[in-house]
Amino acid sequence: MTDLLQLARAAQANAHAPYSGFRVGAAIRLQGGETFAGCNVENASYGATICAERGAIMSAVAALGTVSVVEVVVVSEGNPPWPPCGMCRQVLSEFCVPDCPVHAVNGEGVHLTWRFDQLLPSGFTPEYLIESP
Ligand SMILES: [Zn+2]
């Protein structure tokens, strides 16, 4: 997890957060070992803001196509550290393996960990859209 934490912290430093003042970084590891990072990018419209976790996922998909996420790290200054928001959980559900560990860490070293399926139980997953024979 150390490499993901470093990537997430580096991305957090680049966050564009002039409205909330809350910088967030995220990093993900894929099944093949590749890593990607993202940061929150706020927008004056507020609604066009994208979170760090979704930024990391979008970068991975742009680079590799469909991906399988096996680990997620989110870094914030929240205390307790912030887990992914509901919208990010929904996006992650498209790509995360169910037992994917999701770590939330803050600058004080507080570290919380969940399995992804704990964060979004009974989520709306791609399986609902696959037609049964
Ligand atoms: Zn989010």
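Trainee: What stands opposite Pro101 in strand 5?

Mentor: Arg115 does. Strand 4 (residues 101–106) and strand 5 run antiparallel to each other over 5 bridges. Strands count as paired if DSSP finds at least two bridges between them, and strands themselves are DSSP runs of E with at least two residues, while helices are runs of H or I with at least four, numbered from the N terminus. Do keep in mind that this is a predicted model: local features need pLDDT of at least 70, side-chain atom pairs count only at pLDDT 80 or more, and totals for chains, interfaces and linings use all residues. Residues are numbered from 1 along each chain as its sequence is written, and side-chain values use heavy atoms, with hydrogens and water left out.

Trainee: Why is Val61 called partly exposed?

Mentor: Buried means under 20% relative accessible area, exposed over 50%, and partly exposed in between, using a 1.4 Å probe and protein chains only. Val61 has 28%, so it is partly exposed. Val61 sits in helix 2 and touches Val67 and Phe95, leaving aside residues up to four places away in sequence. The buried residues of helix 2, including Ala52, Ile57 and Ala60, pack against strand 1 (25–30), strand 2 (35–39), strand 3 (69–76) and helix 3 (86–95).

Trainee: What makes Cys51, Cys85 and Cys88 donors of the zinc ion?

Mentor: Donors are N, O and S atoms within 2.8 Å of the metal (3.2 Å for Na, K and Ca); water is not among the atoms, so sites may look incomplete. The SG atoms of Cys51, Cys85 and Cys88 lie 2.2 to 2.4 Å from the zinc ion, so they qualify. Their spacing in sequence is C-x33-C-x2-C. Cys88 is buried at 0% relative accessibility, whereas Cys85 is partly exposed at 32%.

Trainee: Why is the aromatic pair of Tyr19 and Tyr46 called tilted?

Mentor: Rings of Phe, Tyr and Trp (its six-membered ring) pair if their centres lie within 6.5 Å; planes under 30 degrees apart count as stacked, over 60 as edge-to-face and the rest as tilted. Here the centres are 5.9 Å apart and the planes make 40°, so the pair is tilted. Tyr19 lies in the loop between helix 1 (2–13) and strand 1, and Tyr46 in the loop between strand 2 and helix 2, so the pair ties together parts 27 residues apart in sequence.

Trainee: And what makes the pair of Phe124 and Tyr128 stacked?

Mentor: Their ring centres are 5.5 Å apart and their planes are at 5°, so this pair is stacked. Phe124 is partly exposed at 46%, while Tyr128 is exposed at 55%.

Technical notes: Contact means heavy atoms within 4.5 Å.
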